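Dear colleague,

Please find below the structure that I am handing over to you, with its sequence. My findings follow directly after it.

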Amino acid sequence: MSGKLKICGEIRDPIHGLIPVTDIEFKVMDTSSFQRLRRIKQLALADLGFHGAMHNRFGHSVGVMHIASKMIEHLENAGEVKLKGTEMQDIRLAGLLHDIGHGPFSHISEYLLKYMSPQSEKKGNIEEIHEAISHRIIAEDRTIKDVLGEARTMRIISILSTDQPSPDFKHDLVSGPLDADKMDYLLRDSYFTGVKYGVFDLDRLINVLTMTDENRMKRLAAKREGVQAVEQYVLAKYFIAHQVYQHRIRHITDKMIIEGVSASITDGNEDLKKVYSYSKKKAYVTEYLKWDDELVCQSVLSNSKRGSKGYKYFSMLRDRQLLKEISNIRVNELDGGESLQAIEKIEEIRKSNYDDLVSTIEQEFSLLPGFTHVLAYSLKVPLIQKSFGIVDEQSIRIKCSEKTTTLLENESPLYGGIVDDAKNHFIQIIGIPKIKLKSRESREKLSKKILTKYFEGNL
């Protein structure tokens, strides 16, 4: 830790060991708004598939602060930047607060907010709603604002914002292709799920970081001799996406939460409707901050009739009686599937005669009506297109010389294979069987026949 900051204590972390903490950081952590993150799991209900995945957004946020600090120290020691103590503290606080706007069950809330909010309040994409709420909590929550002060509050929001036309390395440290956020969650999620695929050499990756000039701004990059360290980091993300983030249990539990909450709201749950109907009114942030994972569960179960869908989904989740995976099909294995180039196109097709498709599936596989879902997904996290570029592995900058900077795909043959595999799209069918299911091979054969016929009629 740089001598520019006065350390007043430490936090012991299972990933990073002892993390030094300043007085203002402790004060932020002690606010009720930040403590709420202890009650929001990092991976929603992934613990129903990986029983150790009970970690929360609180620990991740502290880890991001710590890694961002290590990145700054390296860049300073390498003579790449020279920062004041105030600037270093701002970056650490931005890392600490970057997830303050997460709702119950983490990213699932973003999807519910996107589709439940009034049309007039919706933003351009899911990420922007989460970002807007984060910024509003930092700016409007009195307990946090009193700790930070007006000027620092605005500086932190500026670091976190993706709306600025020319972001600099401070933003890159917390939210970019080589950021502290990804570095922490890969190591943390790997540790708590018990898989080894998200592991990479953090110290080496930090040590190959450098700066490059872009549009008269300093941007974060990696040295050319550090390409292998970057490849290991990218592979870690690719492998853990395969093994954890796109695991069938994750898909199933996420869908059950979404369907359960949606059904409860449809049945008249006004409390949940208020939290998932985003509003620019000041009272909205106060309401939003009341909610965590457990409160949503309690609200659905206590405000839904026993026979209702909302109650059914959440009582099933409580007892780990999950929807079953009927089949999981690669789109390019379907007749005519080559023409389905993106999930967005699959989702558009799904809107046409989708009820007929579900009805056919329920009849052919003897599934309980009303609980069957057809999910489309890929291994690649959707690109977040902004005015300044694409936030993804493809935009990792590799500095070849003082005057030459390129992108990772131009330096890494290995990266091409990852990109190719990430282009694969999948369709997963889940539901509740009324009778014993046939073999997976026979289920997938029948699923392909049904899906091929469906897509042929809707292409």
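R397 lies in strand β9 (residues 397-399); helices (H or I, at least four residues) and strands (E, at least two) are DSSP runs, numbered from the N terminus. The model is a predicted one, in which local features need pLDDT of at least 70 and side-chain atom pairs count only at pLDDT 80 or more, while totals for chains, interfaces and linings use all residues. Residues are numbered from 1 along each chain as its sequence is written, and side-chain values use heavy atoms, with hydrogens and water left out.

**R397 and its surroundings**

With a relative accessible area of 9%, R397 is buried; buried means under 20% relative accessible area, exposed over 50%, and partly exposed in between (1.4 Å probe, protein chains only). The side chains of R397 and E214 are joined by a polar contact of 2.9 Å. A polar contact is a pair of N or O atoms within 3.5 Å; within protein, one must be able to donate a hydrogen and the other to accept it, and residues adjacent in sequence count only if both atoms are side-chain atoms. Leaving aside neighbours within four places in sequence, R397 is in contact with D172, T212, E214, R219, L220, A221, A222, T405, T406 and L407, where contact means heavy atoms within 4.5 Å.

**The four-stranded sheet**

An open sheet of 4 strands runs in the order β3-β4-β9-β10, with mixed pairing; two strands pair if DSSP finds at least two bridges between them. Its edge strands, β3 (209-214) and β10 (405-407), each pair on one side only. On average, neighbouring strands of this sheet are turned by 50 degrees against each other, direction ignored. Axes here are lines fitted to C-alpha atoms, for helices over the stretch in contact, and angles run from 0 to 180 degrees between N-to-C directions.

The pairing of β3 with strand β4 (residues 217-223) is antiparallel and extends over 6 bridges. Within it, E214 stands opposite M217 in β4. Helix α3 (residues 57-77) packs on the sheet, where it touches β3 and β4, and its direction makes about 75 degrees with that of β3.

**Salt bridges**

How many salt bridges does the structure hold? The total is 28, a salt bridge being a side-chain nitrogen of Lys or Arg within 4 Å of a carboxyl oxygen of Asp or Glu.

R155 forms a salt bridge with D90, and their closest N and O atoms are 2.5 Å apart. This pair links distant parts of the chain, with R155 in helix α8 (residues 150-160) and D90 in helix α4 (residues 85-97), 65 residues apart. R155 is partly exposed at 33% relative accessibility, whereas D90 is buried at 5%.

K41 and D47 also meet through their side chains in a salt bridge (3.1 Å, N to O). K41 counts as buried at 18% relative accessibility, and D47 is buried with a relative accessible area of 15%.

A further salt bridge is formed by D179 with K182, the closest N and O atoms lying 3.2 Å apart. D179 is buried at 2%, and K182 counts as buried at 12%. Salt bridges that share partners also join D172, E214, R219 and R397 into one network.

**Helix α21**

In helix α21 (residues 413-422), the buried residues are Y415, I418, V419, D421 and A422. Seen down the axis of α21, these residues fall within an arc of 165 degrees, so they line one face of the helix; the arc is that of the directions from the helix axis to the C-beta atoms. Their cover includes α12 (227-245), β5 (324-330), β6 (373-378) and α20 (408-411).

**Hairpin and backbone features**

Strands β1 (residues 7-13) and β2 (residues 17-22) pair in the antiparallel sense over 6 bridges, and the two form a hairpin with 3 residues between them. The bridge partner of E10 in β2 is P20.

Although A44 is not a glycine, A44 has a positive phi of about 50 degrees. A44 is placed in the loop between α2 (32-35) and α3 and is buried, with a relative accessible area of 1%. R320, not a glycine either, has a positive phi of about 55 degrees. R320 is found in the loop between α17 (309-318) and β5 and is partly exposed, at 41%.

With kind regards
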